[in-house]
Amino acid sequence: SKIFILKRDYAKLPFFEFLRDERIDAADRIAFYPGMAHFILSFGDLNKYVLRKEPAADENQALINAHTYEDDHHWQWYLEDFKKLGSDRLTAPTQLMEILWGDATSRNRVLMYKLTAMIDRARSVERIAIVEAIEETGNVLFKDVLNIAKILEQRFDVELRYCGLHHFNLESGHAMGSDDLDMAAIEFDSATFERCSRFVDDVFEVFTQWTHELLHFAKQNAKPAAPEKASVTPIARQAT
C-alpha cells in the first residue's frame with residue numbers, strides 16, 4: 001500500500017540513519033529525547049480531544065475512539081524515561097519551557113497543529129488513514145530507539161518503558177492492525193481514496209520535517225547528563 005511505500009522511504013531519512021549508527025555512543029543518539037517532549041505530551045491530548053468523538057457517529061469513528069484509549073496515556077511512560085535518562089537535571093523549569101516553545105523545537109509544535117487541522121477537516125474514514133500513517137511513522141522510530149534503549153538499560157540498570165520493549169510491543173501491535181484500524185479492510189470510492197491518499201502524504205511530510213529537527217537537536221545536545229541512580233529502580237524490582 002502507499003503507506004508502506006512511504007514508510008520504507010521514511011525509514012531511510014538521516015535521523016533514523018543517525019539512530020542506527022553504532023559508531024555513535026547510545027547516550028549521544030538518544031540526545032534528541034528532550035526535544036520531542038512537546039509533541040509526545042500533546043499526543044495524548046490529540047487522542048482525547050481531537051481524534052475521539054463520543055458518541056461515535058459511525059463504525060469507523062467507533063474504531064478510532066477505541067484506538068485513542070490505547071494511545072492517550074503513553075506520555076506518562078515518556079516522562080518516566082525522561083527522568084531515568086537524567087534529563088530532569090539538565091534544565092530549570094523556565095529553561096525547559098524555552099526548549100518546548102523555542103525555535104529549536106518549532107517543528108514539534110507545527111507537527112501537532114497540522115495533525116489537528118488535518119483531523120478536524122477529515123471524515124471518519126479519512127481519519128483512519130491519518131491514524132494508520134501516524135502509527136507507521138511511530139513504528140519506524142520505536143524500532144530504532146529500541147536498540148538504543150537496550151544498551152542504556154544495561155548501562156544504567158533501569159527499564160525504559162517508553163523507549164524499550166514495553167512501548168515497542170504495543171506500537172508494533174497497532175502497526176500490524178491488531179486494534180482493528182486497517183485501511184485494507186475498508187472499501188473506498190475513488191474520491192475518498194484520493195482524499196485519504198493526500199492525507200497520508202501530508203502526514204509523512206510533516207513527520208519528515210520533524211525528524212530533521214530531532215536530528216539537529218540531538219547533534220546540538222550530545223553528551224547528556226548521566227542518570228541519577230537514586231531516582232531509578234533496578235529492572236528486577238520495577239513494576240511493569
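Buried means under 20% relative accessible area. The model is predicted.

**Exercise 1.** Classify Leu160 as buried or exposed, then list its contacts.

Solution. 
- Step 1: Locate the residue. Leu160 lies in the loop between α9 and α10 (165-175).
- Step 2: Apply the cut-off. Leu160 has 2% relative accessibility, so Leu160 is buried.
- Step 3: Asp81 is 79 residues from Leu160 along the chain, yet their C-alpha atoms are separated by 5.5 Å.
- Step 4: List the contacts, leaving aside neighbours within four places in sequence. Leu160 touches Asp81, Lys84, Leu85, Ala149, Leu152 and Glu153.

**Exercise 2.** Which residues of the largest nonpolar core touch the most other members?

Solution. 
- Step 1: The core holds 65 residues; Phe32, Met36, Leu115, Leu141 and Phe207 touch the most other members.
- Step 2: Assign the helices. At least two residues each come from α1 (2-10), α2 (14-20), α4 (37-51), α6 (75-84), α8 (106-121), α9 and α11 (190-220).
- Step 3: Find the top contributor. Helix α9 gives the most, with 16 residues.
- Step 4: Not counting residues up to four places away in sequence, Phe207 touches Tyr10, Phe39, Leu111, Leu115, Ile134 and Thr137.

How values were computed. Residues numbered from 1 in each chain as written. Predicted model: local features only at pLDDT ≥ 70, side-chain atom pairs only at ≥ 80, totals over all residues. Heavy atoms only, no water. Helix = DSSP H or I, 4+ residues; strand = E, 2+ residues; numbered from the N terminus. Buried < 20%, exposed > 50% of the residue type's maximum accessible area, 1.4 Å probe, protein only. Contact = heavy atoms within 4.5 Å. Core = buried A, V, L, I, M, F, W, Y, C linked by side-chain atoms within 4.5 Å.
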